[in-house]
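Q: Hi! Could you walk me through this model? I'd like to go piece by piece.

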Amino acid sequence: MDPLKIINKYYKPDSKAFEFLIQHGRSVAGKALEVAERVRHLNPDMSFIEEASLLHDIGIFLTDSPELGCYGDREYICHGYLGREILEKEGLPRHALVCERHVGVGLSIKDIENENLPLPKRDMLPVSLEEQIVCYADKFFSKNKDSLLEEKPLSKVREIILRYGEDNLKRFDEWLRLFGE
C-alpha cells in the first residue's frame, strides 16, 4: 500500500494543504517509528504505523482551515472521522480507525456530549497499540507553518493536553510511561 497514491487522489501535489499534510505526516511517522522501536517487544506493526502516520490527517481538506490551505465546510475537529470515512472507502479499515481515534488523546462519548462537539456520538479512543503510538507521536507536532518540522518539548505537550482536562493528561501520561521519552 502506497500512502502517497491515496493522498494524491484527494490533494493537489502543488497545494499548501498537500505540503502541510505530507510534512506533518512525515514528522509524526518518524516519531512514531522511534516510539515503536522502544516497544519492539510488544510487536508493533512498523509498516502499518508508518502508513497510518502519513494518512492520519487525510480528512483536513474537508475542514474550514484556510491557514492550512483547506477550504471545506466542516470544523477542524471533524477531520478525524472524515478521514475515517475516506479510508474506509479506500478499503483501509485499520488506517481509518487511526484517523478517527488520533484527535486529542482520543475522545470519549462523554467528551463529545459534554463539549457538544460536532462529531458522531461514539467512542473515538485509541485502542490498538499502533493507534496509541500514532496518537502519542502526533501530539509532538503541530501544523503551524512556523514550527511544522519542530518537535514540541514534552513539557509543552503536557501543558497543551492539560487544557483539555486531567483525564486526558492521565491518558497521555500512561502512554508516556509505556513508550518512554
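This is a predicted model: local features need pLDDT of at least 70, side-chain atom pairs count only at pLDDT 80 or more; totals for chains, interfaces and linings use all residues.

Q: OK, cores next. How many residues does the largest nonpolar core have?
A: The largest nonpolar core has 26 residues. Those with the most contacts inside it are Ile133, Tyr136, Phe172, Trp175 and Phe179.

Q: Which elements give two or more residues to this core?
A: Helix 2, helix 3 (46-55), helix 7 (129-138), helix 8 and helix 9 do. Helix 7 gives the most, with six residues.

Q: What else lies apart from that core?
A: Another core of 18 residues lies apart from it, and Leu55, Cys70, Leu92 and Cys99 are among its members. As background, nonpolar side chains tend to be buried together in soluble globular proteins.

Q: Back to Phe179. Which residues does Phe179 touch?
A: Setting aside residues up to four places away in sequence, Phe179 touches Val35, Arg38, Val39, Leu129, Gln132, Ile133 and Tyr136.

Q: Val39 is on that list. Where is Val39 placed, and is it buried or exposed?
A: Val39 sits in the loop between helix 2 and helix 3. Its relative accessible area is 1%, so Val39 is buried.

Q: What is Val39 in contact with?
A: Beyond its neighbours within four places in sequence, Val39 is in contact with Pro44, Ile133, Leu178 and Phe179. Val39 and Leu178 are 139 residues apart in sequence, yet their C-alpha atoms are 8.0 Å apart in space.

Q: Now the aromatics. How many aromatic pairs turn up in the whole structure?
A: The search finds six aromatic pairs. One of the pairings to look at is Phe140 with Phe172: their ring centres are 6.2 Å apart and their planes are at 45 degrees.

Q: Why does that pair count as tilted?
A: Planes under 30 degrees apart count as stacked and those over 60 as edge-to-face, with the rest tilted. The planes of Phe140 and Phe172 are at 45 degrees, so the pair is tilted.

Q: Where in the chain are Phe140 and Phe172?
A: Phe140 is in the loop between helix 7 and helix 8, and Phe172 is in helix 9, 32 residues apart, so the pair links distant parts of the chain. Both residues are buried. Tyr136, Phe140, Phe172 and Phe179 form one aromatic cluster.

Q: What about Lys31, buried or exposed?
A: Lys31 lies in helix 2, residues 16-38. With 3% relative accessibility, Lys31 counts as buried.

Q: Which residues does Lys31 touch?
A: Leaving out residues up to four places away in sequence, Lys31 touches Ala137, Phe140, Phe141, Glu151 and Glu181.

Q: Changing topic: what is the volume of the largest pocket?
A: The largest pocket has a volume of about 1,000 Å³. It is lined by 33 residues, and the closest to its centre are Val103, Gly104, Val105, Ile160 and Tyr164.

Q: Which helices supply at least two residues of the lining, and what classes make it up?
A: Helix 6 (109-114), helix 8 (154-162) and helix 9 (166-179) each supply at least two. By class, the lining has eleven nonpolar, ten polar and twelve charged residues.

Q: Last one, backbone: what is the phi of Asn43, and of Asn116?
A: Asn43 has a positive phi of about 60 degrees although it is not a glycine. Phi of Asn116 is near 50 degrees, also a positive value. For context, most residues other than glycine have a negative phi.

Q: Where do Asn43 and Asn116 lie?
A: Asn43 lies in the loop between helix 2 and helix 3, and Asn116 lies in the loop between helix 6 and helix 7. Asn43 counts as exposed at 63% relative accessibility, and Asn116 counts as exposed at 64%.

Key. Residues are numbered from 1 along each chain as its sequence is written. Side-chain values use heavy atoms; hydrogens and water are left out. On a 1 Å grid over the protein atoms alone, a cavity is a set of points where a 1.4 Å probe fits but cannot get out, and a pocket is an open set with protein on both sides within 12 Å along at least five of seven lines; lining residues have an atom within 4 Å of a point. Grid points are joined across faces, edges and corners, and a volume is the space filled by probe spheres set on the points. Helices (H or I, at least four residues) and strands (E, at least two) are DSSP runs, numbered from the N terminus. Ala, Val, Leu, Ile, Met, Phe, Trp, Tyr, Cys and Pro count as nonpolar, Asp, Glu, Lys and Arg as charged, and the others, Gly among them, as polar. Buried means under 20% relative accessible area, exposed over 50%, partly exposed in between (1.4 Å probe, protein chains only). Contact means heavy atoms within 4.5 Å. A nonpolar core is a set of buried Ala, Val, Leu, Ile, Met, Phe, Trp, Tyr and Cys residues joined through side-chain atoms within 4.5 Å. Rings of Phe, Tyr and Trp (its six-membered ring) pair if their centres lie within 6.5 Å; planes under 30 degrees apart count as stacked, over 60 as edge-to-face and the rest as tilted.
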